[in-house]
Amino acid sequence: KTCCIVKGLLLGHYFSLFFPFSVLGDQLTVLRSPQYVTFREGQWPLAGEKVPDLVALTMGFSVQEDLDWPGLAAGSLFQRPRATALIAVRGVGSLDLPSNTSSYPLENPVPFTLDSVANTIHTLFAESTPVVLQLAPSEERLYMMGMANTVFEDLPVTLQQIRARLSQEGSVLHSLPLHSLSRNSEADLLFLSEVQVLHDISALLQRHKHLAKDQAPDLFSLELAGLEEIARRYGNDSPQFQDATKILASVLQKFADDVYGVYGNNAVVEVVTVKTFEAPLTRKSRSILESKQISNPGSPYNLAYKYNFEYAVIFNIVLWLMIMLALAVIVIAYNLWNMDPGYDSIIYRMTNQKIRMD
């Protein structure tokens, strides 16, 4: 019996060492995805700064550096999602979401933006009118592009506008079970305001279903900090925090179902849950006159920079151009060497005829 207990303790220690993210930690959860976008089952950790690259790859775009992450399988070359929605939730490591979703641990959760994905959409679909909406209600950050400027022009984005929306008819205050949450608390109102924004975006998409019929993909990015304020105000073990997490989990699932249905089952909806964002690493700039000249200042081993994705294209262009020029020089030199001046040259031919006539 003692031997079995020791083996059990060792086995539990083994799993705690090699699978630390299966229970605790931040997560990336895929709520909805089309059949041609395959997420493999497994506990593969994803770096926080690679989330924009993952979003770009799921939309069928290329990235600067290859994403070495086995959770995403190779997709179809002829199909791409019509929309991608990413919701970042601060203040909680995981939510009680359905068990049929794909979840992956998130490492080094630094703050990120989807500006690179938005720029790619704007570059590739400049002639179309894609919908790009990036919103952080707690910080009142808003970025809209394309059709979003007309469809979401009435969307409340500032805290004052959202709180005024809560007092109107059809707000979430009349439909959600608040339980321990109060309408008079600032932290509770911030959380309910973000829930109201999700509800209004879903309602506007239901009203403008024609957005899903164009060829340009749409992008939605939201950052929610209401749970973080509730945890700071009441604590993680408080009934307010427990009720808020249950409400947010159900609202996110409904939001994912609505977006997935509007775009005809051709949308990817992902949720990133982080307790706190870590401060990104910064590197101080120095003058080149103060440092030793090396090929890669960021590497202590004087390693060269990694090749970017354009290296193979440039290499093939230069290689085959040099081969063609070399063959052209060889052929021209061979023909000039074996040329008969009296027969092949028009100058000598005219000269001979003129001599004969004379």
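Me: How many residues lie between β5 and β6 in their hairpin, and which turn residue has a positive phi?

Reply: The hairpin of β5 and β6 has 4 residues between its strands. In the turn, glutamate 140 has a positive phi of about 55°. Strands (E, at least two residues) and helices (H or I, at least four) are DSSP runs, numbered from the N terminus. This is a predicted model, where local features need pLDDT of at least 70, side-chain atom pairs count only at pLDDT 80 or more, and totals for chains, interfaces and linings use all residues. Residues are numbered from 1 along each chain as its sequence is written, and side-chain values use heavy atoms, with hydrogens and water left out.

Me: Which strands pair with β5, and in what sense?

Reply: Two strands pair if DSSP finds at least two bridges between them. Start with β6, residues 141-146: β5 pairs with this strand in the antiparallel sense, over 6 bridges. Look for leucine 135 there, opposite leucine 142 in β6. Now turn to β7, residues 218-224: this strand runs parallel to β5, and 4 bridges join the two. On that side, glutamine 134 stands opposite serine 221 in β7.

Me: Where do the side chains of β5 point?

Reply: In a regular strand, side chains alternate between the two faces of the sheet. In β5, Val131, Leu133 and Leu135 point one way. Val132, Gln134 and Ala136 point the other way.

Me: Is β5 buried or exposed?

Reply: Buried means under 20% relative accessible area, exposed over 50%, and partly exposed in between (1.4 Å probe, protein chains only). All 6 of the 6 residues of β5, 131-136, are buried, so the strand is largely enclosed by the rest of the structure.

Me: How do I read the length of helix α8?

Reply: Compare its span with the expected one, which is 1.5 Å times one less than the number of residues. Helix α8 has 24 residues and reaches 35 Å from its first C-alpha to its last. That is close to the 34 Å expected. Burial comes next: 17 of the 24 residues of α8 are buried, so this helix is largely enclosed by the rest of the structure.

Me: What is there to see in phi just after α8?

Reply: Most residues other than glycine have a negative phi. Just after α8, glycine 264 takes a positive phi of about 60°. Asparagine 265 also has a positive phi of about 60°, although it is not a glycine. Asparagine 265 lies in the loop between α8 (239-262) and β8 (267-274). With 43% relative accessibility, asparagine 265 is partly exposed.

Me: What is phi at asparagine 108, and where does that residue sit?

Reply: Phi of asparagine 108 is positive, near 50°. This residue is in the loop between β4 (102-107) and α3 (115-124). Asparagine 108 is partly exposed, at 34% relative accessible area.

Me: How many salt bridges are there?

Reply: Side chains of opposite charge can pair when their charged atoms come close. A salt bridge here is a side-chain nitrogen of Lys or Arg within 4 Å of a carboxyl oxygen of Asp or Glu. The count comes to 13.

Me: Which residues meet lysine 50 in salt bridges?

Reply: Aspartate 53 meets lysine 50 at 3.9 Å, N to O. Glutamate 65 meets lysine 50 at 3.8 Å. Glutamate 65 lies in the loop between α2 (51-58) and β3 (83-90), and lysine 50 in the loop between β2 (46-47) and α2, so their pair ties together parts that are 15 residues apart in sequence. Lysine 50 is partly exposed at 23%, and glutamate 65 is partly exposed at 45%.

Me: Which residues form a network of salt bridges?

Reply: Arg90, Glu139, Arg141, Glu223, Glu228, Glu229 and Arg232 are linked in one.

Me: What does arginine 163 touch beyond its neighbours in sequence?

Reply: Contact means heavy atoms within 4.5 Å. Leaving aside neighbours within four places in sequence, arginine 163 is in contact with Glu186, Leu189, Leu190 and Ser193. Arginine 163 and leucine 189 are 26 residues apart along the chain, yet their C-alpha atoms are separated by 7.4 Å. Arginine 163 belongs to helix α5, residues 159-166. At 29% relative accessibility, arginine 163 is partly exposed.
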